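These are my notebook entries on one protein model. I record what I looked up, topic by topic.

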Amino acid sequence: MKLPKKPLKCCHFFKHEEKKLVSSILTSQSIHFSQTRQYSTTSTISDPSSTPTVNTNLLLFMNHSPVKNALWEARSSIFWNYSSIVPLALSIDDHLIVKTPSRSRTSVVYRFSSDFELRERYRNPTNEIRIEKLLEDLDALAGTISYKHCSCDDGKARSLILVTASVDNMILKKPICIDNDITIEGAVTWVGCSSLEIQLEVKQSTPESTNSTESVSLTANFTFVARDQTGKSVKINQILPGNEKEKHLWEEAEERNKMRKKKKEEKKDNLNELVLANKDNNNNILIKETCLQNSLVCQPEKNNIHGQIFGGYLMRKAYELAYATAYSFARTPPCFVEVDHVDFLKPVDVGDFLHLKSCVIYTQVENPSRPLINVEVVSHVTQPQDLSSEISNNFYFTFTVPSDSLRNGLKIRNVVPGTEEEARCVMDVRDTFHP
């Protein structure tokens with residue numbers, strides 16, 4: 001795809017003041033946008049009696065975070081702009097090319113140190129960043145990167161749909177302070193026939209950081225899949241690593257993909273290793289006694305450019321419930337450790353009745369100085385009128401507790417299954433994510 005020579009500027013206004021919030025570099029493009037936006041949703045009217053035309057593309061962005069807004073708007077500018085000038089490719093397999101990871105590399109800077117309003121939107125009660133809002137932004141960034149990789153060099157936008165398939169190993173390496181600027185960046189690291197993996201990093205420099213590696217606060221791997229308008233898999237642009245680091249990332253992603261397929265094929269049946277509930281042990285608690293749940297109706301303001309509910313929003317709601325579950329179980333505010341895995345099994349549409357169920361599926365208390373609490377959240381698209389439901393997502397989060405609480409005598413109880421079905425589920429999850 002040919003990019004415009006001049007930087008694409010996304011500038012919006014709050015009353016009479018234009019605020020510069022974040023600079024995002026999309027290859028040769030530089031995008032500047034402000035925290036608070038006032039949208040113009042009408043086109044120029046030559047005939048006073050004519051009805052104003054609503055730009056529905058902009059309406060997609062009105063209720064999301066400022067970072068996600070800019071990323072989506074940049075993505076839309078690329079695809080809607082060019083597809084309105086150049087007809088879409090007639091064949092979905094036409095115009096396939098090979099790209100280097102650097103072609104999709106994208107970064108976004110959060111100016112927390114100088115923007116009070118932005119800082120307050122992302123601040124949590126412990127003066128760190130709200131992980132659930134960061135999850136939304138990371139998913140939006142990964143989506144933008146996937147679209148950039150799948151675009152064509154001749155300016156033609158391929159009529160395909162890219163959706164989040166899974167999230168793996170989102171690990172918090174160190175706390176993210178809300179008072180210092182952060183940068184989120186990433187690129188495509190691996191490509192299959194119709195799927196691609198994007199590795200993202202959240203960086204925050206400190207006086208102690210001596211190199212870029214030490215500034216990495218969080219890493220994550222997103223997998224996207226490409227579909228046509230009928231839902232069938234379609235081929236996408238391949239990838240050619242351009243340097244040793246890109247080759248190393250490709251090899252790591254290739255190994256993860258092989259392991260992912262291998263784990264799906266393996267079915268372990270070793271329930272004897274997992275002791276079922278021992279009611280005489282006061283330190284044990286049943287899984288069913290740790291459960292929480294939440295329900296919501298999915299509103300139009302949370303839809304994505306394909307008209308379905310934005311995956312980042314689903315991760316945010318799941319994280320909020322998982323955090324509350326860990327809080328209720330541990331009796332102290334938990335600390336986020338990682339997102340072990342997220343499955344996107346079924347699209348969630350506007351108007352769907354979504355029911356989320358959570359539980360502490362097991363705990364790891366072997367290390368008393370850093371016990372781990374593993375929380376499962378399962379979301380169901382429910383049809384109350386038919387008394388039926390279908391699983392749309394599985395989310396797995398890991399938390400720990402503050403060291404101060406442990407020094408004050410807090411003990412994390414051992415969570416145990418009460419049925420064979422629960423025991424089998426625990427074994428599957430533990431063998432997959434914490435072998």
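I began with the salt-bridge criterion: a side-chain nitrogen of Lys or Arg within 4 Å of a carboxyl oxygen of Asp or Glu. The model is predicted, and local features need pLDDT of at least 70, side-chain atom pairs count only at pLDDT 80 or more, while totals for chains, interfaces and linings use all residues. Residues are numbered from 1 along each chain as its sequence is written, and side-chain values use heavy atoms, with hydrogens and water left out.

**Entry 1. Salt bridges**

I searched the whole structure and found 15 salt bridges. I looked up the pair E185 and K203, whose closest N and O atoms are 2.9 Å apart. E185 belongs to strand β8 (residues 182-191) and K203 to strand β9 (residues 195-203), so this pair ties together parts that are 18 residues apart in sequence. For strands and helices I used DSSP runs, numbered from the N terminus: E with at least two residues for strands, H or I with at least four for helices.

Are E185 and K203 buried or exposed? I found both E185 and K203 buried. The classes I applied are buried for under 20% relative accessible area, exposed for over 50%, and partly exposed in between (1.4 Å probe, protein chains only). The areas come from the Shrake-Rupley method with a 1.4 Å probe, and for residues only the protein chains shown count as cover. I also noted a network of salt bridges that links R105, E185, E201 and K203.

I then turned to pairs within helices. R407 forms a salt bridge with D404, with 2.1 Å between the closest N and O atoms. The two residues, R407 and D404, are three residues apart in helix α7, and about one helical turn separates them. R407 counts as exposed at 62% relative accessibility, and D404 as partly exposed at 46%.

A further salt bridge joins R424 to E420, where the closest N and O atoms are 3.3 Å apart. In helix α8 (residues 420-433), R424 and E420 are four residues apart, again about one helical turn. I recorded R424 as partly exposed, at 32% relative accessibility.

**Entry 2. The chain as a whole**

I counted eight helices and 18 strands in the protein chain. The chain has 435 residues, and buried residues make up 50% of them. I put the accessible surface at about 21,500 Å², of which 50% belongs to carbon and sulfur atoms. Taking contacts as heavy atoms within 4.5 Å, I found that residues 24 or more positions apart account for 75% of the contacts with a separation of 6 or more.

**Entry 3. The second largest pocket**

On a 1 Å grid over the protein atoms alone, a pocket is an open set of points where a 1.4 Å probe fits, with protein on both sides within 12 Å along at least five of seven lines; lining residues have an atom within 4 Å of a point. Grid points are joined across faces, edges and corners, and the volume is the space filled by probe spheres set on the points.

The second largest pocket has a volume of about 630 Å³. Which residues lie nearest its centre? They are T126, E128, P334, C335 and F336, out of 28 lining residues. At least two lining residues come from each of α4 (131-150), α6 (311-330), β14 (335-344) and α7 (403-407).

By class, I found 16 nonpolar, five polar and seven charged residues in this lining. Here Ala, Val, Leu, Ile, Met, Phe, Trp, Tyr, Cys and Pro count as nonpolar, Asp, Glu, Lys and Arg as charged, and the others, Gly among them, as polar.

I checked two residues with positive phi. N127 is not a glycine, yet its phi is about 65°. N127 is found in the loop between α3 (116-122) and α4, and it counts as partly exposed at 32% relative accessibility. N169, also a residue other than glycine, has a phi near 50°. N169 lies in strand β7 (residues 161-172) and is partly exposed at 34% relative accessibility.

I next looked up I309, found in the loop between β13 (292-297) and α6. I309 counts as buried, at 5% relative accessibility.
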